[in-house]
Amino acid sequence: MFSKEESRLLRQEFWTSFGKSFPRKWILYDTKLKGFSFKFHFDNKTALVALDLEDDLENRIKYWEKLEALKSILIDDFLPDAIFDETYFLDNEKEISRIYIPLEQKVSIHNKNSWREVMMFFNKKMSLFEAFFEEYKDVIDA
């Protein structure tokens, strides 16, 4: 087991290493769409990239309907393993809508041996997610 401080330091080391290994500016929160953001997630059990809709219900529904209409394009042309979850609950029990791609292998941020695999997964999948967004942003925001 790791202390909270050891865990914090390992997380910090992972994200610093990821930034150095794949130095680029990710879109993440800078989508220019309210409540619409991309996220990396890596903890003791899972790694995933996600598109989260976290605004009020009306805005979430508006974006969700647009994304549902683009679902076949996202899956056929960009991310065939994308999971659409209209009602997703975060650990803090907040309800959001999420499209995500999990890394199928069991990984842990506390295991440095899995870091390279996760970094490559993050880079590949988020790049595809962002390419989809860039190409269809006008449709999503219409």
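Predicted model: local features only at pLDDT ≥ 70, side-chain atom pairs only at ≥ 80, totals over all residues.
User: Why does the radius of gyration of the protein chain agree with that of a compact globule?
Analyst: The radius is taken over C-alpha atoms, and the globule rule is 2.2 Å times the number of residues to the power 0.38. Because a compact globule with 142 residues would have a radius of gyration near 14 Å, the value for the protein chain agrees, at 16 Å.

User: Which elements give two or more residues to the lining of the largest pocket?
Analyst: A pocket is an open set of points on a 1 Å grid over the protein atoms alone, where a 1.4 Å probe fits, with protein on both sides within 12 Å along at least five of seven lines, and lining residues have an atom within 4 Å of a point. Lining residues of the largest pocket include Lys39, His41, Tyr88 and Phe89. The elements that give two or more residues to this lining are β1 (36–42) and β3 (83–89).

User: Is isoleucine 83 buried, partly exposed or exposed?
Analyst: Isoleucine 83 lies in strand β3, and touches Arg98, Ile99, Tyr100 and Pro102, not counting residues up to four places away in sequence, where contact means heavy atoms within 4.5 Å. Buried means under 20% relative accessible area and exposed over 50%, with partly exposed in between (1.4 Å probe, protein chains only). Because its relative accessibility is 32%, isoleucine 83 counts as partly exposed.

User: What distance separates the C-alpha atoms of aspartate 77 and phenylalanine 132?
Analyst: Aspartate 77 has its place in helix α3 (residues 71–78), and at 53% relative accessibility aspartate 77 counts as exposed. Aspartate 77 and phenylalanine 132 are 55 residues apart along the chain, and their C-alpha atoms are separated by 8.5 Å.

Definitions and conventions:
Residues numbered from 1 in each chain as written. Heavy atoms only, no water. Helix = DSSP H or I, 4+ residues; strand = E, 2+ residues; numbered from the N terminus.
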